[in-house]
Amino acid sequence: MTTEPSRRGLLALAATTGALAALPTYTATAAPDRPTADSPSYEGDSRTTLWWRAPADEHSMIEQGLPVGNGRLGALASNDPGRELLLVTDATMWTGGLNDTLDTDGQFPYGRADFGSFTLLARLAVNIPDHDLSAVNGYRRTLDLARGVVTTSYVRSGVTYRREIFASHPDDVIVLHFTQSGGGRYTGSVTLEGTHGEGATGVSFGAALPNGLRYGAAVEAYGSGGRVAVHGTRVEFSGCRELTVVVSGGTDYAPDPNAHYRDPSLDPEKLARTKVHDAAAHPADTLLRTHVADHRALFGQLDLALGTSTPAQRALDTWERLKARARDGVPDPELEAQYLQFGRYLMIAGSRDSLPLNLQGLWLDGNDPDWMGDYHTDINLQMNYWTADRAGLAQSFDAFTDYCLAQLPSWTDLTHRLFNDPRNRYRNSTGKNAGWTVAISTNPYGGGGWWWHPAGNAWLCNSLWEHYEFTGSRTHLEKIYPLLKGACEFWEARLLTLTLPGTSREVLVADSDWSPEHGPLDAKGITYAQELVWALFGNYCTAAAELKRDSGFADTVAGLRKRLHLPQVSPKTGWLEEWMSPDNLGETTHRHLSPLVGLFPGDRIRPDSPPDLVAGATALLTARGMESFGWANAWRALCWARLKNAENAYQLVVNNLRPSTDGSNGTAFNLFDIYEVERGRGIFQIDANFGTPAAVIEMLVYSRPGHIELLPALPAAWAASGAISGVGARGGFVVDLRWRDGIPIEARIRSVHGRTTTVEYGGSRRTVTLRPGASVTLKDFDR
């Protein structure tokens, strides 16, 4: 529970900074006034407010419910006037366990009983019988991304009713606040139920899953001008002018493998009751002010304008606006900017102080998510965090780091005990074994699921390293160093020496593996692994030098890196080879871009690389096509942005904005990305909600240590005028940028920890040298 001094601190922050108001905002037209935290009921800036004319269907919550979250505790809200339904989650509410017994093929079991699954914590319903949807008019609901508040309003019998829902990080509760103007009253009941057969639960409940994980939840309600009381398993209220409902819950999960990922000192039900009781001691407006100040301190770190939409576009609600964009083919720059900000909202709501974002993020509509809502390590977990540092949310990355650190002892143990099992087709044919690696799927208990994923360790480490490139945090580098070193030890044991056909040259290649997720299962030297390990080795050597550790081992790793085989362009296809073969051994239009990891997220392949290499990467990317699942489109967009093909990158962003109907790939009613599993059935998978915003940012600012490029892939739809402020740049800088007619007119470069970088636009370069904390403004780019 937040102490009173910290609450005062947050309110002081809101009063002194005005959060978003503190950011320089550059738009072609006058920007609307920013909302202030002093006005908790203020409807926010229209540029960051989504709205709808209808509530969610209770049976389609994953496509229609609006998400709230405080990084650990989340919910989908239906916003139905007569029955407000919240599907409540906790990031650690997981079944399953270590899952350390292999199947007969040497791979991991992968089911809900052994590997486990992310599941719901509770269902909360606020029933107001005489406010049935058919009895109201003027219905509207909004998601204010800048304030982190879902608002519903409607009129019944001449009275305007309003409710606000938010998930407070400072108070660690979800709050529902019901108000009205015009003499109206609220009468109804509140119910809280578990989702695992707990039976009648009342105002709180506690139980345990079959794996021993204890969990609990609690609710408390208070009102004014009426009566609120507990009756059996319900909270009943009558004649209330205002009503506030507070809910919280959690588990006894702990990120400690030595304690089997449990904290035996925790009583989740008791803790939930304490949290709701403490929060309920404050007026709802105070809870809201505290929440908004906290949320804005993060959300306000990046602002974006891609141009001005038309009045006709602005008049449409969000769902109609998505449909119009797809139907008419007319750019809607404010909607496109809102989609990026929605991704940032989900990052703040889903990744703080707990487990990282999984395939579902923090939101569920049942206990049986596809792929168990796990942590996929062959693209999806990594993509979830491509937006964080780029979009001013470096703090949200910590959940990813902490997860890897907490799992490392178990991952290491499983690798040592099981990886060289003779049934495992991916085992090291050298007979050696060291360090650690992972499976394609991982859970929160140190366990793997599905198939072994040897190169997964390198990709996780490279993602962790990239966060260091953005932040320069020595503390972070010291934390991740054991992960980097252990991954290098694994590859030192795994690499094979091979003589290239027709030559006497010996190179090092990865042992038998699968290029995710197609082609032969036993190919050596797949491009995916070679690129990831090449980057890993370079990152480790830099880390060892920075920390002045293990110079002897770093020299060994540097020597291995020099001997690594790097992919070639096929003389048959003209594509960058995916396997050490001139032939394409898989699906031409496959969803994964595994052989292009050296283009994105890596930097080995760049537009200034040897022309044949760039041409081969471009040809392969072209062959993959422009139509796929949302996450695959996002990855394609990022690769096209790296190749400076603005229109292809933009088209893929637009493709992801197409409304999903009957489960098709695209964007749902509530802006969640939908993945079409089979014809007529789609599921929510959150990675595209982060990968697509990352693509938008990479189109505007590209960076690597020592180099920043402005507007590398600016599409015609955004060229007239625009601005972005707060973009993280690798090498330790932050970029604020304005442009007009496709040309930068002003760029401010601020140093976080970086000293020197080159800023480039259109072939002209300027060297910038700054001390940490200083900034410089550059102009006259067209001269």
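**Figure 1. Lining of the second largest pocket in this predicted model.** Welcome to the first close-up. A set of 27 residues lines the second largest pocket, and those nearest its centre are Arg-72, Thr-92, Tyr-253, Asp-353 and Ser-354. The volume of this second largest pocket comes to about 510 Å³.

**Figure 2. Elements around the second largest pocket.** Helix H10 gives the most, with five residues. If you like to think in terms of residue classes, the lining of the second largest pocket splits into 10 nonpolar, nine polar and eight charged residues.

**Figure 3. Centre of the largest pocket.** Now for the other site. The largest pocket has a volume of about 750 Å³. It is lined by 34 residues, and the closest to its centre are Trp-465, Glu-469, Asn-539, Pro-705 and Arg-730.

**Figure 4. Helices around the largest pocket.** Two or more residues of this lining come from each of helix H11 (456–471) and helix H13 (527–547). Helix H13 gives the most to the lining of the largest pocket, with eight residues.

**Figure 5. Residue classes in the lining of the largest pocket.** How do the residues of this lining divide into nonpolar, polar and charged? There are 10 nonpolar residues, alongside 13 polar and 11 charged ones.

Notes
Residues are numbered from 1 along each chain as its sequence is written. This is a predicted model: local features need pLDDT of at least 70, side-chain atom pairs count only at pLDDT 80 or more; totals for chains, interfaces and linings use all residues. Side-chain values use heavy atoms; hydrogens and water are left out. On a 1 Å grid over the protein atoms alone, a cavity is a set of points where a 1.4 Å probe fits but cannot get out, and a pocket is an open set with protein on both sides within 12 Å along at least five of seven lines; lining residues have an atom within 4 Å of a point. Grid points are joined across faces, edges and corners, and a volume is the space filled by probe spheres set on the points. Helices (H or I, at least four residues) and strands (E, at least two) are DSSP runs, numbered from the N terminus. Ala, Val, Leu, Ile, Met, Phe, Trp, Tyr, Cys and Pro count as nonpolar, Asp, Glu, Lys and Arg as charged, and the others, Gly among them, as polar.
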